[in-house]
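Please look over the sequence and the model before reading on. The report below goes from the overall build to single residues.

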Amino acid sequence: VTNININGLQGFAKTTTVTVGTGLTQLPDYGQLNNRRSLIIYNNGSNTVFIGGSDVTSSNGLPVPASTYSPSVDAGYNMVIYGVTASSTSDVRVMEVSNNPTASKVQ
């Protein structure tokens, strides 16, 4: 174990908008927030978005139906989450949170 948090995160929050379609889309699509500890995805569109790793498809991904949130994902800086739709596109909002109050820089 290299990191244990018993208190709430004390860092920086960053939100972004991403259009997810039938091709693999990184969430968020700009990269990652430095020192990220967690992220949550909101499907602001009308099509279900499926999230997962680099092999995610509409057949094996975790579904995030329209107007709903994904579970909170304890995604550190090196974890990349992807999204796809079965057809068309969907507007997605991603919120990342760091545990470091000086982590406002992104890569």
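The sections below describe a predicted model.

## Overall build

The protein has 0 helices and 7 strands. Read from the N terminus, its elements follow the pattern β-β-β-β-β-β-β. With a radius of gyration of 14 Å, close to the 13 Å that the globule rule gives for 107 residues, the protein is as compact as a globular protein of that length. Along the principal axes, the C-alpha atoms fill a box of roughly 40 × 25 × 25 Å.

Buried residues make up 36% of the 107 in the protein; the cut-off for buried is under 20% relative accessible area. The protein exposes about 5900 Å², and 48% of this area comes from carbon and sulfur atoms. Among contacts with a separation of 6 or more, 81% are between residues 24 or more positions apart.

## The four-stranded sheet

Four of the strands form an open sheet of 4 strands, in the order β2-β6-β4-β5 and with antiparallel pairing. Its edge strands are β2, residues 25-27, and β5, residues 62-64, each of which pairs on one side only. From one strand to the next, the twist averages 40°.

Strand β6 covers residues 81-85 and is joined to β2 by 3 bridges, the two strands running antiparallel. In this pairing, Leu27 has Ile81 of β6 as its bridge partner. Strand β4, residues 49-52, is joined to β6 by 4 bridges, and this pair also runs antiparallel. Here Phe50 stands opposite Val84 of β6.

How many residues of β6 are buried? The count is 5 of the 5, so β6 is largely enclosed by the rest of the structure.

Which residues of β6 point one way, and which the other way? Ile81, Gly83 and Thr85 point one way, while Tyr82 and Val84 point the other way; all are buried.

## Backbone features in the loops

Leu27 is joined to Pro28 by a cis peptide bond, with omega near -10°. Pro28 lies in the loop between β2 and β3, the latter covering residues 36-43.

Ser67 is not a glycine, yet its phi is positive, about 60°. Ser67 sits in the loop between β5 and β6. Ser88, also not a glycine, has a positive phi of about 60°. The place of Ser88 is the loop between β6 and β7, where β7 covers residues 90-98.

Note on methods
Residues are numbered from 1 along each chain as its sequence is written. This is a predicted model: local features need pLDDT of at least 70, side-chain atom pairs count only at pLDDT 80 or more; totals for chains, interfaces and linings use all residues. Side-chain values use heavy atoms; hydrogens and water are left out. Two strands pair if DSSP finds at least two bridges between them. Axes are lines fitted to C-alpha atoms, for helices over the stretch in contact, and angles run from 0 to 180 degrees between N-to-C directions. Buried means under 20% relative accessible area, exposed over 50%, partly exposed in between (1.4 Å probe, protein chains only). The radius of gyration is taken over C-alpha atoms; the globule rule is 2.2 Å times the number of residues to the power 0.38. Contact means heavy atoms within 4.5 Å. Accessible areas come from the Shrake-Rupley method with a 1.4 Å probe; for residues, only the protein chains shown count as cover.
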